[in-house]
Amino acid sequence: MSSSATAIANGRDSGMKTLPGPILLLGAPGVGKGTQAKELVKLWGIPQISTGDLLRTNVSLGTTLGKLAKEIMQRGELVPDSLVNEMVAVRLQQPDTANGYILDGFPRTLPQAGWLDGRLATQTQALPVVAVSIRVDYNQLLRRITGRRNCPVCGTIYNVYVKPSKIDGRCDVEGATLVQRADDTEKVFVERMRAYEAMTAPVVEHYRTLGRFAEVDGDRPIAEVAAGIIAAVERLRAIA
Ligand code: AMP
């Protein structure tokens, strides 16, 4: 186990020598980007920026963006780049991003990646992006997606097959009734995977080519996947 992975196990700070900087978590729907982002948040104290979560907040608040995004998301398609980029631009202006941030679910298309790369290139102080792609096979993803349940109060993610709550349908922390995302059905999963293969797989190749890229096996216990991601980020951050 790396020093930071041990640190996580012991609840201590990471031993990373530099700031975390911008970190991209890439991978198909259900690979565990959100779960892993939360592990990194605990360790490094930088925010998770999930474009899916930001869009769902807009949908539930009934904003103009939310009204535009709602049906697109229900179909498992991608929200137009310009809308998502603008939403991310606003979020990145928040002061909590100064030491770094974890982008979860963004960029999902080559134009989004180009936009992000361009934005970072104009920020002379910004550290280069470190990208980690999480891999899980298709059938496993299907089980993860259709079994996923979320606590609407604290955001804890459960899975009826692999990580059930203690009481069926209730959050262990809040006792709230767990909910299933409208797009976590098999039919929508198939469309989301199609969008992933067509639009997002090239983004993974883009960051692989740029370097500061790692791939981890996501079909392992959460703590082991987290340890792999942390070790990869530390190693890639140390590259001069
Ligand atoms: P997620 O929670 O990351 O699985 O995202 C849920 C849905 O939000 C996706 O299926 C898309 O419809 C939309 N979405 C999230 N992030 C993006 C993005 N970067 N670009 C376009 N659409 C997105």
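1. The contact involves Gly52, Leu55, Arg56, Asn58 and Val59 on the α3 side and Leu65, Gly66, Ala69, Lys70 and Met73 on the α4 side, contact meaning heavy atoms within 4.5 Å. By class there are 5 nonpolar, 3 polar and 2 charged residues (Ala, Val, Leu, Ile, Met, Phe, Trp, Tyr, Cys and Pro count as nonpolar, Asp, Glu, Lys and Arg as charged, and the others, Gly among them, as polar).

2. The model is predicted: local features need pLDDT of at least 70 and side-chain atom pairs count only at pLDDT 80 or more, whereas totals for chains, interfaces and linings use all residues. Residues are numbered from 1 along each chain as its sequence is written, and side-chain values use heavy atoms, with hydrogens and water left out.

3. As to geometry, the axes of α3 (residues 51-61) and α4 (residues 64-74) come within 8 Å and cross at roughly 115 degrees. Helices are DSSP runs (H or I, at least four residues), as are strands (E, at least two), numbered from the N terminus. Axes are lines fitted to C-alpha atoms, for helices over the stretch in contact, and angles run from 0 to 180 degrees between N-to-C directions. The helices α3 and α4 are therefore roughly perpendicular to each other (65 to 115 degrees; under 35 is roughly parallel, over 145 roughly antiparallel, and the rest oblique).

4. Helix α3 also packs against α5 (residues 81-92), with axes that come within 11 Å and cross at roughly 100 degrees. This angle makes α3 roughly perpendicular to α5. Here Thr51, Leu54, Leu55 and Asn58 of α3 meet Val84, Met87, Val88 and Arg91 of α5. The contact of α3 with α5 comprises 5 nonpolar, 2 polar and 1 charged residues.

5. Helices α7 (residues 138-147) and α8 (residues 186-210) pack at about 130 degrees, their axes 10 Å apart; α7 and α8 are therefore oblique to each other. Their crossing is right-handed. Tyr138, Leu141, Leu142, Ile145 and Thr146 of α7 form the contact with Glu186, Phe189, Val190, Arg192 and Met193 of α8. The division by class is 7 nonpolar, 1 polar and 2 charged.

6. Around the ligand there are 16 residues, of which Thr51, Arg56, Glu77, Gly105 and Gln112 come nearest (a residue is near if one of its heavy atoms lies within 4 Å). A backbone N or O atom of Glu77 is placed 2.5 Å from a ligand oxygen atom. A polar side-chain atom of Gln112 lies 2.9 Å from a nitrogen atom of the ligand, and one of Arg192 lies 3.1 Å from an oxygen atom of the ligand.

7. Two backbone details deserve a note. Phe106 and Pro107 are joined by a cis peptide bond, with omega about -5 degrees; Pro107 sits in the loop between β3 (100-104) and α6 (110-122). Arg212, although not a glycine, has a positive phi of about 45 degrees, and is found in the loop between α8 and β7 (213-217).

Definitions and conventions: A polar contact is a pair of N or O atoms within 3.5 Å; within protein, one must be able to donate a hydrogen and the other to accept it, and residues adjacent in sequence count only if both atoms are side-chain atoms. A crossing is left-handed if the near helix is turned anticlockwise from the far one by less than a right angle, and right-handed if clockwise.
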